[in-house]
Amino acid sequence: MTRVAEGSSAAQTAGVAIVGGGPAGLAAAEVLAAGGHQVHVFDAMPSFGRKVLLAGKTGLNLTHSEPYETFVSRYGAAASHLCKALDAFTPQDVIAWADELGSECFTGSSGRVFPRAMKASPLMRAWLGRLSNLGVQFHTRHRWTGFSDGKLRFETSGGEIFVSFDACLLALGGASWSRMGSDGAWTAILGSAGVEIAPLRPANCGFDVAWSESFRDRFAGAPLKSVTATSAAGSVPGEFVISRHGIEGSLVYAHSAALRDALEHQGSAALVLDLAPGRTETRIAGDLSRLPAKVSFSNRLRKAAGIEGVKGGLLRELVPDISSQPPQKIAGFIKALRLPVARPRPIAEAISSAGGIRWDEIDDGYMLKALPGIFVAGEMIDWEAPTGGYLLTACLATGRAAGEGIAARLTAARAEARSSASRAP
Ligand SMILES: Cc1cc2nc3c(=O)[nH]c(=O)nc-3n(C[C@H](O)[C@H](O)[C@H](O)COP(=O)(O)OP(=O)(O)OC[C@H]3O[C@@H](n4cnc5c(N)ncnc54)[C@H](O)[C@@H]3O)c2cc1C
């Protein structure tokens, strides 16, 4: 490449142009640069990997230690598409890769894997340093706005520039936390180029709940600890938080795809809560009925079921006449309380996106069938997964797979050029 700089309007040339410097784009850059390719990474933002740095605020859950078959099953319907990339870059490979970059990992009690530093900045710094040493060139503040005569068009602070390329990877992310750079604007560009895209929707997100004003004022911010929540996703123990809008937190995220899909397909959805997972319904009903009638309702809940504070408030919020119900009914509500959700929180607040480029649009090497020479990777493809390190692992794995796809195409193109030259008279 001659030069790619902000402000120049001259057409320029990149060997491999990677647009999007998140984990997927950088993973592809690593494969390609290690293979001797000339790589340029462009990003709209003033720095790279902003969403990964944000993920570092909660410890940077890189991957998961559960058995590999279980791990792959977390990707649901997309598992069959993702498995080749995941087989080539497994959770163990993620751990070894982070270790090589000086970020030794540990496995938490839940099986989730984190760097010991519990943050992303040391890993990102080491990674960008290694890529730089491999010759990767980085270009910040380059917003890709589409194609123009087969070139990439970028908006920069100095005006538009056009970059030609031998191969290009788009790794532009989904549409969650758009402040970090991935705003989903690419859907319009690729959609108009004939690429079929499933609408981007919130994944691993909170939900709105129609709280009464008094419940919201009293309990917003309160955590519901040690509960089990059930939806079509199964029964999961954990905790979540009451927010002013509704509910948030890891237990809600575990159910968010099931709740979102139920809202879309059936028009309604509810999380069913067990507020006292350690006690049976029969035991709670018996303990409630043994308490004298003069004991206040709050004390009965506390003594018979260990329920107080926000748990008691939630029972009253969702079953306003609960105190006048017979013990068996009260016990039934404690063990299976329906919490109806109104809608997912906006995608801008979600941890990740569902939807994206449909798998039919991509060949085995992650190239867009409609746009030969243009590859895609990461969250912009149509897959989703729960929190637990599955997102970063699949972004790294698909980035690497797309890098391999690009390398294979460039090698084939060079071989073809050599053989044409040798056939020339
Ligand atoms: C709060 C939070 C916590 C998270 N925690 C975890 C976690 O612990 N574990 C986990 O596995 N996952 C986590 N994730 C999810 C994970 O960060 C993402 O799935 C992952 O970063 C997606 O990688 P990507 O490379 O596909 O896209 P991104 O990381 O979104 O990168 C895309 C890049 O493309 C750039 N870009 C977009 N459009 C353009 C354009 N037009 N021109 C130029 N550049 C553009 C963006 O600026 C960005 O740098 C978390 C996400 C959030 C929001």
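## The shell around the ligand

The model is a predicted one.

In total, 30 residues surround the ligand. The closest are Asp43, Asn61, Trp144, Glu379 and Leu392. By type, the shell residues divide into 16 nonpolar, 10 polar and 4 charged.

## Polar contacts and cover

Asp43, one of the closest residues, places a polar side-chain atom 2.5 Å from an oxygen atom of the ligand. Ser182 also brings a polar side-chain atom to a ligand oxygen, at 3.1 Å. Trp144 uses its backbone instead: a polar backbone atom there is 2.8 Å from a nitrogen atom of the ligand.

How much of the ligand's accessible area does the protein cover? On its own, the ligand has 1,000 Å² of accessible area, and the protein covers 95% of that.

## A three-stranded sheet

Elsewhere in the description comes a sheet. Strands of a sheet pair through backbone hydrogen bonds, either parallel or antiparallel. Here 3 strands form an open sheet, and the pairing is antiparallel. The order is S3-S5-S4.

Which strands lie at the edges? They are strand S3 (63-64) and strand S4 (105-107), and each pairs on one side only. Strand S5 (residues 112-115) pairs with S3 in the antiparallel sense over 2 bridges. In one of the pairings, His64 has Arg112 of S5 as its bridge partner.

Notes. Residues are numbered from 1 along each chain as its sequence is written. This is a predicted model: local features need pLDDT of at least 70, side-chain atom pairs count only at pLDDT 80 or more; totals for chains, interfaces and linings use all residues. Side-chain values use heavy atoms; hydrogens and water are left out. Two strands pair if DSSP finds at least two bridges between them. Helices (H or I, at least four residues) and strands (E, at least two) are DSSP runs, numbered from the N terminus. A residue is near a molecule or strand if one of its heavy atoms lies within 4 Å of it. A polar contact is a pair of N or O atoms within 3.5 Å; within protein, one must be able to donate a hydrogen and the other to accept it, and residues adjacent in sequence count only if both atoms are side-chain atoms. Accessible areas come from the Shrake-Rupley method with a 1.4 Å probe; for residues, only the protein chains shown count as cover. Ala, Val, Leu, Ile, Met, Phe, Trp, Tyr, Cys and Pro count as nonpolar, Asp, Glu, Lys and Arg as charged, and the others, Gly among them, as polar.
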